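Q: I have a structure open in my viewer and would like to learn how to read its features one by one. Could you walk me through it?

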Amino acid sequence: MTDKNGMLPWPADDLSSYGPVESQPVGRIQQFVGRVMHRNWCLIPHVTHHDDADITGFEQRRKAWNAANPDRKRSLLAALVKASVAALQQYPRFNSALSADGTTLTARKYFHIGIAVDVPSGLLVPSLRDCDTKSIDAINEEIARISEKARTKGLSMAEMSGGCFTLSSLGHIGGTGFTPIINAPEVAILGICRTRGQFVPDAQGQPLLRQLLPLSLSYDHRVINGADAARFVRAIADWLDAYDFSD
């Protein structure tokens, strides 16, 4: 027998018949996040575009800045927030929201960026408000503050609402790419993995060691096509390459 969507029922196997088991309830937050992710995955036609951003020069400048300004160290994630805002401004379709029935596309004129935070009870996504008007230092401080609050005290629904675009970073763990699930009604989400060193040929064909940042952009194919997704990721890479840390 299938449900109304034609899906088979969940297997009701007695796992204890095969060996020792231990059961524990799924936390309330994780249950809610699971339902949200299931809805988004089932209802949004996801496509994921993968690319590498060459951040060799960016990282050299960032490390030099941090060494000279130990009280104002700047993170790659904060820079990616600003780079994402710049890309959203250049490609405003990525800053839109699709209605539930798929008939209306609403263009946002504000830039609130969600940051996925791994917490013991699951996954929380606080929304950083008006990132177009904030400096990279202000965003850096806000990321640290809101991430700590998410892990210790938890976040209100207001603090997790209103996002335009989400960043999900696994760079502190590893990975070479993944397919992040879009946070409806947003139409795209950027996944970030760990920077890796890789030799690439220079103009004369000689090996040159570069620092490459893997970026994975999942997008709603009802709203965004592949060519624009590729341009969007390149816009983020170009912003990082051009950022000079002088502001």
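Predicted model: local features only at pLDDT ≥ 70, side-chain atom pairs only at ≥ 80, totals over all residues.

Q: How enclosed is H3, and how many of its residues are buried?

A: A residue counts as buried when its relative accessible area is under 20%. By that cut-off 11 of the 15 residues of H3 are buried, so the helix is largely enclosed by the rest of the structure. From its first C-alpha to its last H3 reaches 21 Å, close to the 21 Å expected at 1.5 Å a residue.

Q: What should I see when I step back to the whole chain?

A: Begin with the inventory: the chain has 5 helices and 11 strands. Its C-alpha atoms fill a box of roughly 65 × 50 × 45 Å along the principal axes. Of the 247 residues, 39% count as buried. Contacts tell you about the fold as well: among those between residues at least 6 apart in sequence, 62% join residues at least 24 apart.

Q: Which residues of H4 are buried, and what do they pack against?

A: Look for the covered positions, then for their partners. In H4 these positions are Ile136, Asp137, Ile139, Asn140, Glu142, Ile143, Ile146, Ser147 and Ala150. The buried residues of H4 pack against helix H3 (76-90) and against strands S5 (117-119), S6 (122-124) and S7 (127-128).

Q: Where do positive phi values turn up?

A: Just after H4, Gly154 takes a positive phi of about 90°. Asp130, in the loop between S7 and H4, has phi near 50°, a positive value in a residue other than glycine. At 33% relative accessibility, Asp130 counts as partly exposed. Phe245 also has a positive phi, near 65°. This residue sits in the segment after helix H5 (226-242), and Phe245 is buried, with a relative accessible area of 4%.

Q: Which strands does S8 pair with, and in what sense?

A: Count the bridges and note the direction. Strand S4 (residues 113-115) is joined to S8 by 3 bridges, and the two run parallel. Strand S9 (residues 188-192) is joined to S8 by 4 bridges, again parallel. For landmarks, Ile113 has Phe165 of S8 as its bridge partner, while Ser169 stands opposite Ile192 in S9. S8 itself (residues 165-169) is mostly covered, with 4 of its 5 residues buried.

Q: How does a hairpin look by comparison?

A: Strand S10 (residues 196-201) and S11 pair in the antiparallel sense over 6 bridges. The hairpin has 5 residues between its strands, and Gly205 in the turn has a positive phi of about 85°.

Q: Is Tyr219 buried or exposed, and what is it in contact with?

A: Tyr219 lies in strand S11 (residues 207-220), and at 5% relative accessibility it counts as buried. Leaving aside neighbours within four places in sequence, its contacts include Pro45, His46, Ile182, Ala188 and Ile224. The C-alpha atoms of Tyr219 and His46 are separated by 5.7 Å, although the two residues are 173 apart along the chain.

Q: What does the second largest pocket look like, and which residues line it?

A: Read volume, then lining. The second largest pocket has a volume of about 240 Å³. Of the 13 residues that line it, the closest to its centre are Ile44, Leu98, Ala100, Ala184 and Arg222. Helix H1 (residues 28-43) gives the most to this lining, with 3 residues. By type, the lining divides into 7 nonpolar, 2 polar and 4 charged residues.

Key. Residues numbered from 1 in each chain as written. Heavy atoms only, no water. Buried < 20%, exposed > 50% of the residue type's maximum accessible area, 1.4 Å probe, protein only. Contact = heavy atoms within 4.5 Å. Pairing = 2+ DSSP bridges. 1 Å grid on protein atoms, 1.4 Å probe; cavity = no way out; pocket = protein on both sides within 12 Å on 5 of 7 lines; lining within 4 Å. Points joined across faces, edges and corners; volume = space filled by probe spheres on them. Nonpolar A, V, L, I, M, F, W, Y, C, P; charged D, E, K, R; others polar. Expected span 1.5 Å × (residues − 1).
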